[in-house]
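Here is a short briefing for a first look at this structure. Please keep the sequence and the 3D view open while reading.

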Amino acid sequence: MTIKTGRVAAALLTVAMLSGCTAVGMREPTATPTPGAAADRRGLAPGIVVATGTFTGFVDGSGTTAPRPEVQGTIEVSTHNGRLMVSLLDLDVGPVANTTILELNAVDGNATSGDFRVATSYLGDSEVTTATTQTFDLGYDTEMVTTDPSWMRTAVIWERVDGIGTLGRALATAPLTWTLPDQDPDLTVTDAGAGDLARGEVHYDSAGNPSAYVVAPLDALETIAIRFGITEHDILWLNPMRGYGMARAGETLNLSLYERGR
């Protein structure tokens, strides 16, 4: 899913707890999660740094050779009163003539600007500039329902330039290193086969593991979860931008840990 909306500087953090493992290969189904059934950053005290990264000048693997200013600085994500705080430290965006903005993107830092443009992202409307310290609340809109934002793999600084897409041109990237505890180390997805209200098409990765599921008419999240031996909360965790809505015919649900958030 590609979502290029949201605000880094506004909105509350909406989260949903993951339920535990009950037996090998099968996890107990739960009632449909609802907004506000929230976690508290897994008990992390305020001020704990959970992600870091260092900005370097962007090199577009697609072959773009337009000169870019040398951007320097670091980024930290830390806990803050049940929310997350993004801090840009010693940021220098260089000589730019246009607005620069920060985006947290789902793809890896070696992607092309085209990859970044179409990937799932959390886009900040707040400007960033050359400064010693800049901080923003990492607030989630209602479609972001996980306590684990580590699917945000790369911070990107864009310069909004007329005629170059909605984001402009990428100036710098900072791959994010997350130190959050693994919230679901026992998650294993296995396909028990089609059943009542879970008759959609399954896609598999190269190792033969279920990687995605296309929802069929009348399917429900609860029965889809049962088919794959997981919980509804696991489905939300694997699809962090999806929201709490019911399963929709034709919708593709990610089932791969590697593809989470991409």
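How many bridges join strand 2 to strand 9? Two bridges do so, and the pair runs antiparallel. The model is predicted.

**Strand 9 and its partners**

- Strand 2 covers residues 56-57. Its Thr56 stands opposite Thr173 in strand 9.
- Strand 8 also pairs with strand 9, in the antiparallel sense and over six bridges. Within strand 9, Ala172 is the bridge partner of Ile157.
- Strand 9 is largely enclosed by the rest of the structure, because six of its seven residues are buried.

- An open sheet is built from five strands in the order 7-4-3-1-10. Its pairing is antiparallel.
- Strand 7 (131-137) and strand 10 (177-178) are the edge strands. Each of these two pairs on one side only.
- Strand 1 spans residues 49-54 and pairs with strand 10 over two bridges, in the antiparallel sense. Ala51 stands opposite Trp178 in strand 10.
- Strand 3 and strand 4 are joined by eight bridges and pair in the antiparallel sense. Val77 has Val86 of strand 4 as its bridge partner.
- Strand 4 pairs with strand 7 as well, over six bridges and again in the antiparallel sense. Here Val86 has Phe136 of strand 7 as its bridge partner.

- Another open sheet has three strands in the order 11-12-13. The pairing is antiparallel here too.
- Strand 11 (201-204) and strand 13 (252-254) stand at the edges. Each has a single partner strand, so one side of each is left without a neighbour in the sheet.
- Neighbouring strands of this sheet are turned by 25° against each other on average, with direction ignored.
- Strand 12 takes in residues 210-214 and pairs with strand 11 over four bridges, in the antiparallel sense. Tyr204 stands opposite Pro210 in strand 12.

**Nonpolar cores**

- In soluble globular proteins, nonpolar side chains tend to be buried together.
- The largest nonpolar core has 29 residues. Phe55, Ile75 and Leu102 have the most contacts inside it.
- Elements that give two or more residues to this core include strand 1, strand 3 (72-80), strand 4 (83-92) and strand 5 (100-105).
- A second, separate core has 17 residues. Among them are Ala198, Leu221, Ala225 and Ile230.

**The second largest pocket**

- The second largest pocket holds about 230 Å³ of space.
- Its lining has 14 residues. Asp148, Ser150, Trp237, Leu257 and Arg260 lie nearest the centre of the pocket.
- By type, the lining divides into seven nonpolar, two polar and five charged residues.

Terms used: Residues are numbered from 1 along each chain as its sequence is written. This is a predicted model: local features need pLDDT of at least 70, side-chain atom pairs count only at pLDDT 80 or more; totals for chains, interfaces and linings use all residues. Side-chain values use heavy atoms; hydrogens and water are left out. Two strands pair if DSSP finds at least two bridges between them. On a 1 Å grid over the protein atoms alone, a cavity is a set of points where a 1.4 Å probe fits but cannot get out, and a pocket is an open set with protein on both sides within 12 Å along at least five of seven lines; lining residues have an atom within 4 Å of a point. Grid points are joined across faces, edges and corners, and a volume is the space filled by probe spheres set on the points. Ala, Val, Leu, Ile, Met, Phe, Trp, Tyr, Cys and Pro count as nonpolar, Asp, Glu, Lys and Arg as charged, and the others, Gly among them, as polar. A nonpolar core is a set of buried Ala, Val, Leu, Ile, Met, Phe, Trp, Tyr and Cys residues joined through side-chain atoms within 4.5 Å. Buried means under 20% relative accessible area, exposed over 50%, partly exposed in between (1.4 Å probe, protein chains only). Axes are lines fitted to C-alpha atoms, for helices over the stretch in contact, and angles run from 0 to 180 degrees between N-to-C directions.
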